[in-house]
Amino acid sequence: MRFILAHDVARQRAAEAVKSAPDGYVVTLAEPTRNADQNALMWVYLQAFSDQLQWPVNGSMTRLTPEEWKEILSAAYRQYRPRVAAGLDGGMVMLGMRTSRMGKREFAEFMDFIQATAAVREVNVKEN
């Protein structure tokens, strides 16, 4: 069961559901996650970064996928200090944060960061 706490009736129903829940049930209150429009806008920007910029990888400039740009930008947004783990068959794996764990407000701030970074790096974005 899921309740969006948008008004008093929803809060009342949520409280009633909690009171009548069997022992062992778990209740989680969380900020709403990003919406479809926010998500779509992020991918427009990530594709523009992918199409227009190269980035140093293993010592040479290369084009990155939108997913790779998402990792770089989300780490920069959080000023993330990466953890590095050994790969199962050698190599290194960067352990990072996920945008899917961001609430709606934080994701909006992240999008502001992406848009500002695009402007600084002269990435032209055509929003639909």
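Mentor: In the largest nonpolar core, with 17 residues, Met42, Phe49, Trp69, Leu73, Phe110 and Ile114 touch the most other members. The model is predicted, so local features need pLDDT of at least 70 and side-chain atom pairs 80 or more, while totals for chains, interfaces and linings use all residues. Numbering starts from 1 along each chain as its sequence is written, and side-chain values use heavy atoms, without hydrogens and water.

Trainee: What counts as a nonpolar core?

Mentor: A set of buried Ala, Val, Leu, Ile, Met, Phe, Trp, Tyr and Cys residues joined through side-chain atoms within 4.5 Å. Buried means under 20% relative accessible area, with a 1.4 Å probe and protein chains only.

Trainee: Which helices each supply at least two residues of this core?

Mentor: α2 (36-52), α3 (66-77) and α4 (104-120). Helices are DSSP runs (H or I, at least four residues), numbered from the N terminus.

Trainee: What does Leu73 touch?

Mentor: Leu46, Phe49, Phe110, Phe113, Ile114 and Thr117, leaving out residues up to four places away in sequence. Contact means heavy atoms within 4.5 Å.

Trainee: Thr117, then. Buried or exposed?

Mentor: Buried, because its relative accessibility is 15%. Thr117 sits in helix α4. With the sequence limit of four places, Thr117 touches Phe49 and Leu73.

Trainee: New topic. At what angle do α2 and α4 pack?

Mentor: About 25°, with the axes 11 Å apart. Axes are lines fitted to C-alpha atoms over the stretch in contact, and angles run from 0 to 180 degrees between N-to-C directions. α2 and α4 are therefore roughly parallel, a label for angles under 35 degrees.

Trainee: How does that contact divide by class?

Mentor: Ten nonpolar, four polar and one charged residues. Ala, Val, Leu, Ile, Met, Phe, Trp, Tyr, Cys and Pro count as nonpolar, Asp, Glu, Lys and Arg as charged, and the others, Gly among them, as polar.

Trainee: And how do α3 and α4 pack?

Mentor: At about 110°, axes 10 Å apart. So α3 and α4 are roughly perpendicular, the label for 65 to 115 degrees. Leu73, Ser74, Ala76 and Tyr77 are the α3 side of that contact.

Trainee: What about α2 and α3?

Mentor: Their axes come within 8 Å and cross at roughly 100°. That makes α2 roughly perpendicular to α3. The contact has seven nonpolar, two polar and two charged residues.

Trainee: Which α3 residues are in it?

Mentor: Pro66, Glu67, Trp69, Lys70 and Leu73.

Methods. Buried means under 20% relative accessible area, exposed over 50%, partly exposed in between (1.4 Å probe, protein chains only). Angles under 35 degrees count as roughly parallel, over 145 as roughly antiparallel, 65 to 115 as roughly perpendicular and the rest as oblique.
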